[in-house]
Amino acid sequence: GDVVQYTTYDRLTTNGLVSDSGDTMTGDLTINANLAVTGTIDSPQAAKAWVSFNAVGTLTKRNDYNVTSVTDNGTGDYTVNFENSLPDTDYAVSHSVGKTNNALWHRGREDVTARTVDAYRFIVSQFSNAQLIDAEFVSVIFFGG
């Protein structure tokens, strides 16, 4: 006295869908919401690493991407340590330095012997007399490589 009922469906078509791993998309992608990336963004236009920190007193990182730490080598002397190695040492670097309520003319000079794929060492000094200084707002960004 049992009744067996069944339903059949047509094949599921996946043409035009993106796989959840290892897929490639061509054409434009528009996202109308937030985008969270847990890996890295592989694009020559995207920053490979960046960091913002306060160097007065105890060095404190404000925010960063692909930076494990900043080493305080002494007044005005810092090493940025990358979380993931950069592809090579041909990266471009930009420094920005500032102090609260004070105009600060500065120079950021690279220690070229310490430029590696894992770290970047540089110094910050006053423009007028080349004296090494710590500043409240230090930002460094890396492109290319």
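Student: What pattern does the protein chain follow, read along the sequence?
Tutor: Going along the sequence, the protein chain reads β-β-β-β-β-β-β-β. Keep in mind that this is a predicted model.

Student: And how many helices and strands is that?
Tutor: The protein chain has 0 helices and 8 strands.

Student: OK, what share of the residues counts as buried?
Tutor: Of the 145 residues in the protein chain, 23% are counted as buried. The chain exposes about 10400 Å², with 48% of that coming from carbon and sulfur atoms.

Student: What about contacts, how much comes from residues 24 or more positions apart?
Tutor: Take the contacts in the protein chain with a separation of 6 or more: residues 24 or more positions apart account for 56% of them.

Student: Switching to the inside. Which residues have the most contacts in the largest nonpolar core?
Tutor: That core has 21 residues, and the ones with the most contacts inside it are F53, Y78, F82, F122, V138 and F142.

Student: Which elements give two or more residues to this core?
Tutor: Those are β1 (49-54), β3 (67-74), β4 (77-82), β5, β7 and β8. As background, nonpolar side chains in soluble globular proteins tend to be buried together.

Student: Are Y91 and F142 buried or exposed?
Tutor: Both Y91 and F142 are buried.

Student: What does the pair of Y120 and F142 look like?
Tutor: Y120 and F142 are edge-to-face too, with 5.4 Å centre to centre and 80° between the planes. Y120 lies in strand β7 (residues 119-126) and F142 in strand β8, so this pair ties together parts that are 22 residues apart in sequence.

Student: What relative accessible area does Y120 have?
Tutor: Y120 has 1%, so it counts as buried. F142 is buried as well, at 0%.

Student: Which residues form the aromatic cluster?
Tutor: F53, Y78, F82, Y91, Y120, F122 and F142 form one cluster.

Student: Last one: what is F82 in contact with, leaving aside its neighbours within four places in sequence?
Tutor: F82 is in contact with A49, N66, V67, T68, Y91, T116, V117, D118, A119, Y120 and F142.

Conventions: Residues are numbered from 1 along each chain as its sequence is written. This is a predicted model: local features need pLDDT of at least 70, side-chain atom pairs count only at pLDDT 80 or more; totals for chains, interfaces and linings use all residues. Side-chain values use heavy atoms; hydrogens and water are left out. Helices (H or I, at least four residues) and strands (E, at least two) are DSSP runs, numbered from the N terminus. Buried means under 20% relative accessible area, exposed over 50%, partly exposed in between (1.4 Å probe, protein chains only). Contact means heavy atoms within 4.5 Å. Accessible areas come from the Shrake-Rupley method with a 1.4 Å probe; for residues, only the protein chains shown count as cover. Rings of Phe, Tyr and Trp (its six-membered ring) pair if their centres lie within 6.5 Å; planes under 30 degrees apart count as stacked, over 60 as edge-to-face and the rest as tilted. A nonpolar core is a set of buried Ala, Val, Leu, Ile, Met, Phe, Trp, Tyr and Cys residues joined through side-chain atoms within 4.5 Å.
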